[in-house]
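Let's take a walk through this structure together, one piece at a time.

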Amino acid sequence: MPTSLLERQISLLEHLTSAGAIFGDGALRARHLQGLDAALLRLEARFSHEKRMEKINSTFPRMFEAMRGDDRADMVRDFVEACPSVDIRRIENARQFYDFACARWQRQPPQPPYLQDIATCELAIADMRMKGKAQAPQSATTGRRFRRNRDAVFLPCNYDIRPIFEGRMADAVERRDLMLAILIPLRSDEPTILEVPAPVYVWLVELDDWTNRAALAATAELEALISELAEYGLLEVRGH
Amino acid sequence: MIACKTIPAVGIGYRSGIAEWTRASLAHFDVLEITVDHCISSGETVASGIFDLVGRIPMTAHGIGLSIGTDVPLDLAYLDQVAAIVERLRAPAYSEHLAFTRAPGRDLANLLPLPKTEKVAEAIIAKVRVVQSRVPVPFLLENISYLFEWPESDLTDVEFLNLICRETGAGLLLDVENLYLNAHNHGFDAHAFLNDLPAGIVKEVHVAGGVTVHKDFLARPFLADSHSHPVPDAALDLLDHVLKRHAPETVVLERDDRLLEFDEILDDVRRIRARIAAMQSGSIHANELVGAAD
(Lines give C-alpha, C1' and ligand atoms only; values in the text may rest on other atoms or scores of the structure.)
Protein backbone atom coordinates (compact mmCIF):
# COMPACT_ATOMS: atom_id res chain seq x y z
CA MET A 1 0.00 0.00 0.00
CA PRO A 2 1.54 3.35 -1.01
CA THR A 3 2.38 5.66 1.83
CA SER A 4 0.96 9.15 1.98
CA LEU A 5 3.07 12.26 1.61
CA LEU A 6 2.33 13.10 5.23
CA GLU A 7 3.65 9.76 6.47
CA ARG A 8 6.81 10.31 4.48
CA GLN A 9 7.17 13.86 5.76
CA ILE A 10 6.83 12.61 9.34
CA SER A 11 9.41 9.90 8.72
CA LEU A 12 11.76 12.41 7.14
CA LEU A 13 11.52 14.83 10.04
CA GLU A 14 11.98 12.01 12.55
CA HIS A 15 15.11 11.06 10.69
CA LEU A 16 16.44 14.62 10.33
CA THR A 17 15.98 15.31 14.04
CA SER A 18 17.58 12.04 15.14
CA ALA A 19 21.01 11.87 16.74
CA GLY A 20 21.97 9.27 14.16
CA ALA A 21 21.39 11.65 11.26
CA ILE A 22 22.86 14.68 13.02
CA PHE A 23 26.00 13.03 14.30
CA GLY A 24 26.37 10.74 11.33
CA ASP A 25 26.30 7.37 13.03
CA GLY A 26 22.83 6.24 12.05
CA ALA A 27 21.66 4.48 8.93
CA LEU A 28 18.66 5.59 6.90
CA ARG A 29 16.31 2.91 8.17
CA ALA A 30 12.82 4.21 7.47
CA ARG A 31 11.21 2.33 4.60
CA HIS A 32 9.37 5.51 3.59
CA LEU A 33 12.65 7.29 2.90
CA GLN A 34 14.16 4.85 0.46
CA GLY A 35 15.56 6.58 -2.58
CA LEU A 36 16.66 9.67 -0.70
CA ASP A 37 20.37 10.48 -0.56
CA ALA A 38 21.55 9.61 2.96
CA ALA A 39 24.63 11.86 2.80
CA LEU A 40 22.57 14.88 1.79
CA LEU A 41 20.03 14.15 4.49
CA ARG A 42 22.90 14.07 6.96
CA LEU A 43 23.98 17.51 5.78
CA GLU A 44 20.41 18.76 6.06
CA ALA A 45 20.14 17.30 9.58
CA ARG A 46 23.38 18.93 10.60
CA PHE A 47 22.39 22.34 9.22
CA SER A 48 19.06 22.20 11.02
CA HIS A 49 20.71 21.10 14.25
CA GLU A 50 23.28 23.91 14.06
CA LYS A 51 20.52 26.42 13.50
CA ARG A 52 18.62 25.11 16.50
CA MET A 53 21.70 25.06 18.71
CA GLU A 54 22.51 28.63 17.69
CA LYS A 55 19.15 29.63 19.18
CA ILE A 56 19.96 27.77 22.38
CA ASN A 57 23.57 28.93 22.61
CA SER A 58 22.56 32.54 22.20
CA THR A 59 20.18 32.20 25.13
CA PHE A 60 22.69 30.49 27.45
CA PRO A 61 26.11 31.91 26.50
CA ARG A 62 27.42 32.06 30.07
CA MET A 63 26.17 28.62 30.99
CA PHE A 64 27.87 27.02 27.98
CA GLU A 65 31.03 28.99 28.64
CA ALA A 66 31.11 27.68 32.20
CA MET A 67 30.66 24.05 31.12
CA ARG A 68 33.52 21.69 30.37
CA GLY A 69 33.84 20.87 26.66
CA ASP A 70 33.18 17.15 27.11
CA ASP A 71 30.16 17.77 29.32
CA ARG A 72 28.79 20.15 26.76
CA ALA A 73 29.13 17.68 23.90
CA ASP A 74 27.56 14.86 25.95
CA MET A 75 24.73 17.06 27.06
CA VAL A 76 23.93 18.31 23.57
CA ARG A 77 23.91 14.80 22.21
CA ASP A 78 21.64 13.53 24.99
CA PHE A 79 19.40 16.55 24.46
CA VAL A 80 19.06 15.78 20.76
CA GLU A 81 18.11 12.20 21.55
CA ALA A 82 15.58 13.12 24.22
CA CYS A 83 14.08 16.31 22.79
CA PRO A 84 13.55 16.62 19.06
CA SER A 85 12.77 20.07 17.74
CA VAL A 86 9.06 20.82 18.02
CA ASP A 87 8.97 24.59 17.74
CA ILE A 88 10.62 27.18 15.53
CA ARG A 89 10.87 29.84 18.25
CA ARG A 90 14.14 30.70 19.95
CA ILE A 91 12.64 30.97 23.42
CA GLU A 92 10.79 27.66 23.13
CA ASN A 93 13.95 25.82 22.08
CA ALA A 94 15.78 27.45 24.97
CA ARG A 95 13.04 26.44 27.39
CA GLN A 96 13.11 22.89 26.06
CA PHE A 97 16.85 22.75 26.64
CA TYR A 98 16.53 24.25 30.12
CA ASP A 99 13.88 21.71 31.17
CA PHE A 100 16.04 18.92 29.85
CA ALA A 101 19.12 20.23 31.63
CA CYS A 102 17.32 20.66 34.96
CA ALA A 103 15.99 17.10 34.82
CA ARG A 104 19.48 15.85 34.02
CA TRP A 105 21.02 17.86 36.86
CA GLN A 106 18.59 16.21 39.28
CA ARG A 107 20.20 12.87 38.47
CA GLN A 108 23.69 14.09 37.83
CA PRO A 109 24.75 17.27 39.67
CA PRO A 110 26.12 19.90 37.30
CA GLN A 111 29.77 20.79 37.07
CA PRO A 112 30.44 23.50 38.08
CA PRO A 113 27.61 23.31 40.61
CA TYR A 114 26.27 26.81 39.91
CA LEU A 115 25.37 25.99 36.29
CA GLN A 116 21.68 25.70 37.04
CA ASP A 117 21.58 29.13 38.67
CA ILE A 118 23.27 30.64 35.61
CA ALA A 119 20.85 28.88 33.27
CA THR A 120 17.85 30.02 35.31
CA CYS A 121 19.03 33.63 35.19
CA GLU A 122 19.80 33.50 31.48
CA LEU A 123 16.41 32.03 30.65
CA ALA A 124 14.70 34.69 32.76
CA ILE A 125 16.65 37.41 30.95
CA ALA A 126 15.74 35.96 27.54
CA ASP A 127 12.11 35.80 28.58
CA MET A 128 12.17 39.41 29.79
CA ARG A 129 13.79 40.61 26.59
CA MET A 130 11.22 38.76 24.53
CA LYS A 131 8.26 40.11 26.43
CA GLY A 132 9.67 43.60 26.25
CA LYS A 133 9.65 44.00 29.98
CA ALA A 134 11.38 47.23 30.74
CA GLN A 135 11.88 49.13 33.89
CA ALA A 136 9.66 52.20 34.10
CA PRO A 137 11.51 55.43 34.82
CA GLN A 138 12.01 55.67 38.55
CA SER A 139 12.93 59.28 38.97
CA ALA A 140 10.17 59.73 41.54
CA THR A 141 11.16 58.43 44.93
CA THR A 142 8.91 60.62 46.97
CA GLY A 143 5.46 59.89 45.49
CA ARG A 144 2.42 59.00 47.51
CA ARG A 145 1.80 55.53 46.11
CA PHE A 146 4.08 52.67 45.28
CA ARG A 147 4.05 49.03 44.26
CA ARG A 148 6.52 46.32 43.31
CA ASN A 149 7.81 46.61 39.77
CA ARG A 150 5.92 43.69 38.25
CA ASP A 151 8.46 43.34 35.48
CA ALA A 152 11.21 42.47 37.93
CA VAL A 153 11.89 38.75 38.17
CA PHE A 154 12.96 37.23 41.49
CA LEU A 155 15.01 34.06 41.50
CA PRO A 156 16.06 32.07 44.55
CA CYS A 157 19.63 30.90 43.95
CA ASN A 158 22.10 28.64 45.72
CA TYR A 159 25.10 30.58 44.48
CA ASP A 160 25.87 34.25 44.11
CA ILE A 161 26.49 34.11 40.38
CA ARG A 162 26.61 37.85 39.82
CA PRO A 163 30.38 37.78 39.13
CA ILE A 164 29.66 35.61 36.06
CA PHE A 165 27.24 38.22 34.69
CA GLU A 166 29.56 41.07 35.57
CA GLY A 167 32.40 39.53 33.59
CA ARG A 168 34.45 38.82 36.71
CA MET A 169 36.31 35.62 37.51
CA ALA A 170 34.12 32.56 38.00
CA ASP A 171 36.10 31.70 41.14
CA ALA A 172 34.43 34.69 42.78
CA VAL A 173 31.14 32.75 42.74
CA GLU A 174 30.15 32.14 46.34
CA ARG A 175 28.02 29.28 47.68
CA ARG A 176 25.14 30.79 49.67
CA ASP A 177 21.37 30.89 49.40
CA LEU A 178 20.16 34.25 48.18
CA MET A 179 17.38 35.96 46.30
CA LEU A 180 18.33 37.71 43.08
CA ALA A 181 16.20 40.27 41.31
CA ILE A 182 16.59 40.81 37.56
CA LEU A 183 15.54 43.94 35.71
CA ILE A 184 16.25 45.35 32.31
CA PRO A 185 16.57 49.10 32.71
CA LEU A 186 14.80 51.42 30.33
CA ARG A 187 16.73 52.06 27.12
CA SER A 188 19.15 49.27 27.92
CA ASP A 189 19.56 45.75 26.67
CA GLU A 190 21.75 44.72 29.56
CA PRO A 191 20.09 43.28 32.64
CA THR A 192 20.68 44.53 36.14
CA ILE A 193 20.99 41.75 38.71
CA LEU A 194 20.59 42.68 42.35
CA GLU A 195 20.59 40.78 45.59
CA VAL A 196 17.42 41.31 47.61
CA PRO A 197 17.58 40.48 51.34
CA ALA A 198 14.95 37.93 52.37
CA PRO A 199 12.78 40.29 54.48
CA VAL A 200 12.76 42.88 51.71
CA TYR A 201 11.75 40.20 49.20
CA VAL A 202 8.84 39.12 51.44
CA TRP A 203 7.73 42.75 51.71
CA LEU A 204 8.04 43.31 47.95
CA VAL A 205 5.94 40.24 47.18
CA GLU A 206 3.13 41.75 49.25
CA LEU A 207 3.30 45.00 47.30
CA ASP A 208 1.50 43.64 44.29
CA ASP A 209 -0.93 46.57 44.12
CA TRP A 210 -0.54 50.29 44.57
CA THR A 211 -0.10 51.08 48.24
CA ASN A 212 -0.46 54.47 49.89
CA ARG A 213 2.60 55.58 51.69
CA ALA A 214 0.35 57.21 54.28
CA ALA A 215 -1.12 53.79 55.16
CA LEU A 216 2.25 52.65 56.44
CA ALA A 217 3.74 53.74 59.68
CA ALA A 218 6.37 55.92 58.13
CA THR A 219 9.77 55.73 59.69
CA ALA A 220 12.98 57.20 58.44
CA GLU A 221 14.24 53.66 57.79
CA LEU A 222 11.21 52.74 55.70
CA GLU A 223 11.41 55.97 53.73
CA ALA A 224 15.06 55.27 53.01
CA LEU A 225 14.23 51.72 51.91
CA ILE A 226 11.46 52.88 49.59
CA SER A 227 13.77 55.45 48.04
CA GLU A 228 16.53 52.91 47.59
CA LEU A 229 14.25 50.28 46.03
CA ALA A 230 12.74 52.90 43.73
CA GLU A 231 16.19 53.99 42.70
CA TYR A 232 17.10 50.40 41.81
CA GLY A 233 13.83 50.03 39.91
CA LEU A 234 12.31 47.42 42.19
CA LEU A 235 9.51 49.77 43.25
CA GLU A 236 7.36 51.97 41.08
CA VAL A 237 6.43 55.23 42.76
CA ARG A 238 3.64 57.55 41.64
CA GLY A 239 1.77 60.63 42.70
CA HIS A 240 2.80 63.82 44.35
CA MET B 1 2.57 48.84 -5.14
CA ILE B 2 5.63 50.08 -3.31
CA ALA B 3 5.88 53.85 -3.49
CA CYS B 4 9.55 54.66 -3.27
CA LYS B 5 12.56 56.28 -4.79
CA THR B 6 13.45 53.68 -7.39
CA ILE B 7 11.85 50.77 -9.19
CA PRO B 8 12.65 48.13 -8.23
CA ALA B 9 12.95 49.27 -4.65
CA VAL B 10 16.13 47.98 -3.04
CA GLY B 11 16.39 47.06 0.60
CA ILE B 12 17.21 44.46 3.18
CA GLY B 13 15.42 41.93 5.30
CA TYR B 14 14.82 43.48 8.72
CA ARG B 15 16.63 41.59 11.50
CA SER B 16 16.07 42.47 15.13
CA GLY B 17 19.74 41.77 15.91
CA ILE B 18 20.69 44.88 13.93
CA ALA B 19 17.51 46.85 14.49
CA GLU B 20 19.30 49.91 15.82
CA TRP B 21 21.71 50.05 12.90
CA THR B 22 18.86 49.49 10.44
CA ARG B 23 16.86 52.37 11.92
CA ALA B 24 19.90 54.62 11.66
CA SER B 25 20.57 53.52 8.09
CA LEU B 26 17.13 53.84 6.51
CA ALA B 27 18.47 56.39 4.00
CA HIS B 28 20.36 53.56 2.31
CA PHE B 29 17.23 51.53 1.63
CA ASP B 30 13.99 52.01 -0.30
CA VAL B 31 12.20 49.17 1.41
CA LEU B 32 12.48 46.75 4.32
CA GLU B 33 11.25 43.20 4.14
CA ILE B 34 9.57 42.17 7.38
CA THR B 35 9.32 38.55 8.44
CA VAL B 36 5.76 38.37 9.70
CA ASP B 37 6.66 35.53 12.06
CA HIS B 38 8.97 37.90 13.93
CA CYS B 39 5.93 40.07 14.64
CA ILE B 40 3.94 37.03 15.78
CA SER B 41 6.35 35.09 17.94
CA SER B 42 9.52 37.00 18.75
CA GLY B 43 7.97 39.03 21.53
CA GLU B 44 6.73 42.53 22.11
CA THR B 45 10.14 44.18 21.89
CA VAL B 46 10.81 42.90 18.39
CA ALA B 47 7.26 43.52 17.19
CA SER B 48 7.10 47.09 18.48
CA GLY B 49 10.52 47.81 16.93
CA ILE B 50 9.06 46.76 13.59
CA PHE B 51 5.71 48.53 13.88
CA ASP B 52 7.51 51.74 14.88
CA LEU B 53 8.91 51.83 11.35
CA VAL B 54 5.52 51.88 9.66
CA GLY B 55 5.24 55.13 7.70
CA ARG B 56 8.98 55.75 7.80
CA ILE B 57 9.85 53.33 5.01
CA PRO B 58 7.79 51.02 2.77
CA MET B 59 7.69 47.41 3.92
CA THR B 60 6.96 44.07 2.32
CA ALA B 61 5.75 41.02 4.22
CA HIS B 62 7.51 37.69 4.11
CA GLY B 63 6.73 34.49 5.99
CA ILE B 64 8.66 31.50 7.25
CA GLY B 65 6.04 29.77 9.37
CA LEU B 66 3.26 28.69 7.01
CA SER B 67 4.76 25.35 5.94
CA ILE B 68 2.45 25.28 2.96
CA GLY B 69 3.89 21.97 1.85
CA THR B 70 3.05 19.96 4.96
CA ASP B 71 0.35 17.53 3.89
CA VAL B 72 -2.21 18.76 6.42
CA PRO B 73 -4.75 21.62 6.21
CA LEU B 74 -3.33 25.11 6.64
CA ASP B 75 -3.41 26.76 10.04
CA LEU B 76 -6.14 29.34 9.46
CA ALA B 77 -5.56 31.09 12.77
CA TYR B 78 -1.96 31.66 11.74
CA LEU B 79 -3.09 33.02 8.39
CA ASP B 80 -5.45 35.43 10.13
CA GLN B 81 -2.55 36.68 12.23
CA VAL B 82 -0.53 37.13 9.05
CA ALA B 83 -3.38 39.08 7.45
CA ALA B 84 -3.56 41.43 10.44
CA ILE B 85 0.19 42.04 10.36
CA VAL B 86 0.25 42.59 6.61
CA GLU B 87 -2.45 45.21 7.05
CA ARG B 88 -0.61 46.88 9.91
CA LEU B 89 2.63 46.96 7.91
CA ARG B 90 0.72 48.30 4.88
CA ALA B 91 2.58 45.69 2.90
CA PRO B 92 1.62 45.41 -0.77
CA ALA B 93 2.23 41.63 -0.95
CA TYR B 94 2.84 38.59 1.24
CA SER B 95 5.35 35.93 0.28
CA GLU B 96 6.11 32.42 1.55
CA HIS B 97 8.35 29.54 0.61
CA LEU B 98 7.27 26.66 -1.55
CA ALA B 99 8.43 24.19 1.04
CA PHE B 100 7.58 22.44 4.26
CA THR B 101 9.26 22.90 7.62
CA ARG B 102 7.22 20.73 9.95
CA ALA B 103 5.04 17.69 10.34
CA PRO B 104 2.90 16.69 13.30
CA GLY B 105 5.24 16.26 16.27
CA ARG B 106 8.30 17.86 14.70
CA ASP B 107 9.32 21.35 13.59
CA LEU B 108 12.65 21.44 11.85
CA ALA B 109 12.52 25.23 11.37
CA ASN B 110 14.35 24.64 8.12
CA LEU B 111 12.94 24.71 4.61
CA LEU B 112 12.59 21.31 2.98
CA PRO B 113 11.68 20.56 -0.64
CA LEU B 114 8.51 18.89 -1.85
CA PRO B 115 8.23 16.08 -4.34
CA LYS B 116 7.80 17.89 -7.65
CA THR B 117 4.80 16.06 -9.05
CA GLU B 118 1.45 17.14 -10.43
CA LYS B 119 -0.32 15.56 -7.46
CA VAL B 120 1.67 17.60 -4.96
CA ALA B 121 1.23 20.71 -7.11
CA GLU B 122 -2.56 20.19 -6.98
CA ALA B 123 -2.47 20.09 -3.19
CA ILE B 124 -0.39 23.27 -3.09
CA ILE B 125 -2.69 25.00 -5.57
CA ALA B 126 -5.65 24.37 -3.27
CA LYS B 127 -3.71 25.80 -0.34
CA VAL B 128 -2.54 28.86 -2.23
CA ARG B 129 -6.20 29.60 -2.93
CA VAL B 130 -6.91 29.40 0.79
CA VAL B 131 -4.08 31.84 1.48
CA GLN B 132 -5.38 34.18 -1.19
CA SER B 133 -8.85 34.08 0.35
CA ARG B 134 -7.54 34.95 3.84
CA VAL B 135 -4.75 37.45 3.20
CA PRO B 136 -5.98 40.44 1.21
CA VAL B 137 -2.83 41.24 -0.75
CA PRO B 138 -1.18 39.38 -3.63
CA PHE B 139 0.48 36.15 -2.55
CA LEU B 140 3.94 35.26 -3.83
CA LEU B 141 5.73 31.93 -3.65
CA GLU B 142 9.48 31.74 -3.19
CA ASN B 143 11.76 29.11 -4.67
CA ILE B 144 13.90 27.53 -1.95
CA SER B 145 17.39 26.12 -2.05
CA TYR B 146 17.39 22.40 -1.38
CA LEU B 147 19.98 19.77 -0.72
CA PHE B 148 18.14 16.57 -1.56
CA GLU B 149 15.51 15.55 -4.11
CA TRP B 150 12.53 13.25 -3.63
CA PRO B 151 12.91 10.27 -5.92
CA GLU B 152 9.40 10.53 -7.37
CA SER B 153 9.87 14.11 -8.59
CA ASP B 154 9.03 14.13 -12.28
CA LEU B 155 8.74 17.87 -12.88
CA THR B 156 11.63 20.28 -13.05
CA ASP B 157 11.87 23.14 -10.58
CA VAL B 158 10.53 25.63 -13.07
CA GLU B 159 7.73 23.36 -14.29
CA PHE B 160 6.58 22.83 -10.71
CA LEU B 161 6.61 26.56 -9.92
CA ASN B 162 4.97 27.54 -13.20
CA LEU B 163 2.18 25.03 -12.74
CA ILE B 164 1.27 26.37 -9.30
CA CYS B 165 1.62 30.04 -10.22
CA ARG B 166 -0.33 29.65 -13.46
CA GLU B 167 -3.26 27.91 -11.77
CA THR B 168 -3.46 30.32 -8.84
CA GLY B 169 -2.28 33.62 -10.25
CA ALA B 170 0.31 33.75 -7.50
CA GLY B 171 3.44 35.69 -8.33
CA LEU B 172 6.98 34.59 -7.76
CA LEU B 173 9.46 35.84 -5.21
CA LEU B 174 12.53 34.71 -7.06
CA ASP B 175 15.52 34.03 -4.85
CA VAL B 176 18.39 34.31 -7.31
CA GLU B 177 20.85 32.97 -4.75
CA ASN B 178 18.72 29.87 -4.27
CA LEU B 179 18.51 29.47 -8.02
CA TYR B 180 22.27 29.86 -8.32
CA LEU B 181 22.90 27.28 -5.55
CA ASN B 182 20.39 24.77 -6.89
CA ALA B 183 21.75 25.05 -10.41
CA HIS B 184 25.25 24.41 -9.09
CA ASN B 185 24.32 21.68 -6.62
CA HIS B 186 21.92 19.81 -8.87
CA GLY B 187 23.46 20.47 -12.24
CA PHE B 188 20.89 22.43 -14.21
CA ASP B 189 21.06 25.65 -16.19
CA ALA B 190 19.90 28.64 -14.16
CA HIS B 191 19.50 30.79 -17.26
CA ALA B 192 17.26 28.16 -18.85
CA PHE B 193 15.19 28.19 -15.66
CA LEU B 194 14.78 31.95 -15.98
CA ASN B 195 13.93 31.71 -19.68
CA ASP B 196 11.19 29.22 -18.87
CA LEU B 197 9.44 31.57 -16.44
CA PRO B 198 6.52 33.48 -17.97
CA ALA B 199 7.46 37.13 -18.48
CA GLY B 200 6.34 39.34 -15.63
CA ILE B 201 5.79 36.56 -13.09
CA VAL B 202 8.68 37.70 -10.86
CA LYS B 203 7.26 40.29 -8.46
CA GLU B 204 10.02 40.36 -5.88
CA VAL B 205 13.63 39.20 -5.78
CA HIS B 206 15.88 37.95 -2.99
CA VAL B 207 19.64 38.01 -3.15
CA ALA B 208 22.12 36.69 -0.60
CA GLY B 209 25.53 35.17 -0.25
CA GLY B 210 26.36 31.71 1.04
CA VAL B 211 29.30 29.41 1.65
CA THR B 212 30.78 26.28 0.14
CA VAL B 213 30.49 23.22 2.36
CA HIS B 214 33.12 20.50 2.27
CA LYS B 215 32.37 17.35 4.26
CA ASP B 216 34.06 14.00 4.13
CA PHE B 217 30.69 12.29 3.74
CA LEU B 218 29.77 14.33 0.65
CA ALA B 219 30.80 13.23 -2.81
CA ARG B 220 31.53 16.85 -3.74
CA PRO B 221 31.38 20.31 -2.20
CA PHE B 222 27.92 21.82 -1.84
CA LEU B 223 26.92 25.46 -1.87
CA ALA B 224 24.84 26.37 1.16
CA ASP B 225 22.36 29.20 1.51
CA SER B 226 23.80 30.62 4.71
CA HIS B 227 22.94 34.29 4.12
CA SER B 228 26.29 35.10 5.64
CA HIS B 229 28.58 36.53 2.99
CA PRO B 230 28.64 39.03 0.13
CA VAL B 231 26.44 38.20 -2.83
CA PRO B 232 28.47 36.33 -5.45
CA ASP B 233 28.81 38.00 -8.84
CA ALA B 234 27.26 34.93 -10.43
CA ALA B 235 24.03 35.57 -8.48
CA LEU B 236 24.07 39.21 -9.56
CA ASP B 237 24.48 38.04 -13.15
CA LEU B 238 21.25 36.11 -12.69
CA LEU B 239 19.66 39.28 -11.33
CA ASP B 240 20.64 41.02 -14.59
CA HIS B 241 18.92 38.25 -16.49
CA VAL B 242 15.79 38.57 -14.35
CA LEU B 243 15.62 42.32 -14.91
CA LYS B 244 15.60 41.84 -18.67
CA ARG B 245 12.29 39.97 -18.65
CA HIS B 246 10.57 40.93 -15.44
CA ALA B 247 9.74 44.07 -13.51
CA PRO B 248 10.08 43.11 -9.86
CA GLU B 249 8.93 45.75 -7.42
CA THR B 250 11.58 44.95 -4.86
CA VAL B 251 15.04 43.47 -4.63
CA VAL B 252 15.84 42.49 -1.06
CA LEU B 253 19.21 41.49 0.33
CA GLU B 254 18.91 38.73 2.92
CA ARG B 255 21.50 38.52 5.65
CA ASP B 256 21.23 36.27 8.71
CA ASP B 257 24.80 35.73 9.82
CA ARG B 258 27.82 37.97 10.31
CA LEU B 259 25.22 40.65 10.74
CA LEU B 260 27.62 43.18 12.16
CA GLU B 261 29.55 43.38 8.88
CA PHE B 262 27.65 46.54 8.02
CA ASP B 263 30.07 47.60 5.30
CA GLU B 264 29.50 44.33 3.49
CA ILE B 265 25.74 44.79 3.70
CA LEU B 266 25.87 48.34 2.38
CA ASP B 267 28.33 47.34 -0.31
CA ASP B 268 25.98 44.57 -1.46
CA VAL B 269 23.13 47.09 -1.61
CA ARG B 270 25.31 49.38 -3.72
CA ARG B 271 26.25 46.48 -6.03
CA ILE B 272 22.58 45.61 -6.47
CA ARG B 273 21.70 49.22 -7.25
CA ALA B 274 24.56 49.40 -9.71
CA ARG B 275 23.31 46.31 -11.55
CA ILE B 276 19.80 47.74 -11.73
CA ALA B 277 21.01 51.13 -12.90
CA ALA B 278 23.26 49.60 -15.51
CA MET B 279 20.45 47.40 -16.75
CA GLN B 280 18.01 50.31 -16.90
CA SER B 281 20.37 52.74 -18.61
CA GLY B 282 21.88 50.12 -20.80
CA SER B 283 25.00 52.21 -20.95
CA ILE B 284 26.39 52.96 -17.52
CA HIS B 285 29.08 50.61 -16.45
CA ALA B 286 28.16 48.97 -13.17
CA ASN B 287 31.53 49.54 -11.54
CA GLU B 288 31.45 53.26 -12.30
CA LEU B 289 28.14 53.54 -10.49
CA VAL B 290 29.46 51.70 -7.45
CA GLY B 291 32.20 54.31 -7.28
CA ALA B 292 29.73 57.18 -7.70
CA ALA B 293 27.47 55.86 -4.94
CA ASP B 294 30.29 56.14 -2.44
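Two residues count as being in contact if their C-beta atoms, placed from the backbone, lie within 7 Å. Another term we need is "buried": a residue is buried if 20 or more other C-beta atoms lie within 10 Å of its own, exposed if 12 or fewer, and partly exposed in between, again with C-beta atoms placed from the backbone. As for the element names, helices (H or I, at least four residues) and strands (E, at least two) are DSSP runs, numbered from the N terminus.

A word on what you're looking at: this is a predicted model, in which local features need pLDDT of at least 70 and side-chain atom pairs count only at pLDDT 80 or more, while totals for chains, interfaces and linings use all residues. Residues are numbered from 1 along each chain as its sequence is written, and chains are lettered from A and ligands numbered from 1 in the order in which they are written.

Let's begin in chain A, with helix α10 (residues 220–232). Which residues of α10(A) are buried? They are A:Ile226, A:Leu229 and A:Ala230. These cover an arc of only 100 degrees around the axis, which puts them on the same side of α10(A); the arc is that of the directions from the helix axis to the C-beta atoms. On the other side of α10(A), A:Ala220, A:Glu221 and A:Ala224 are exposed. The cover over the buried residues of α10(A) includes β1 and β6 of chain A. Just after the helix comes A:Gly233, with a positive phi of about 90 degrees.

Those two strands belong to a sheet. Strands pair if DSSP finds at least two bridges between them. In chain A, three strands make an open sheet in the order β5-β1-β6, with antiparallel pairing. Here β5 (211–212) and β6 (235–238) of chain A stand at the edges with a single partner strand each, so one side of each has no neighbour in the sheet. Two bridges link β1 (residues 145–148) of chain A to β5(A) in the antiparallel sense, and A:Phe146 stands opposite A:Thr211 in β5(A).

Elsewhere in chain A, A:Asp25 sits in the loop between α2 (19–23) and α3 (38–59) of chain A. Is A:Asp25 buried or exposed? A:Asp25 is exposed, because 9 other C-beta atoms lie within 10 Å. A:Leu41, in helix α3 of chain A, is partly exposed, with 18 other C-beta atoms within 10 Å.

Now over to chain B and its strand β7 (139–142). In a regular strand, side chains alternate between the two faces of the sheet. From β7(B), B:Phe139 and B:Leu141 point one way and B:Leu140 and B:Glu142 the other, and all are buried. Strand β4 (residues 94–97) of chain B runs parallel to β7(B), joined by four bridges, and B:Tyr94 has B:Phe139 as its bridge partner. Three bridges join β7(B) to β8(B), which also run parallel, and B:Glu142 stands opposite B:Leu173 in β8(B).

The buried residues of α6(B) are B:Asp157, B:Phe160, B:Leu161, B:Ile164 and B:Cys165. Their arc around the axis is only 115 degrees, which puts them on the same side of α6(B). Among the elements covering them are α5 (118–134) and α7 (176–186) of chain B. After α6(B) comes B:Gly169, whose phi is positive, near 80 degrees.

Finally, where the chains meet, the contact takes 29 residues from chain B and 33 residues from chain A. On the side of chain B that touches chain A, β6(B) gives the most, with five residues. The residues of that side divide into 15 nonpolar, nine polar and five charged. In that count Ala, Val, Leu, Ile, Met, Phe, Trp, Tyr, Cys and Pro are nonpolar, Asp, Glu, Lys and Arg are charged, and the others, Gly among them, are polar.
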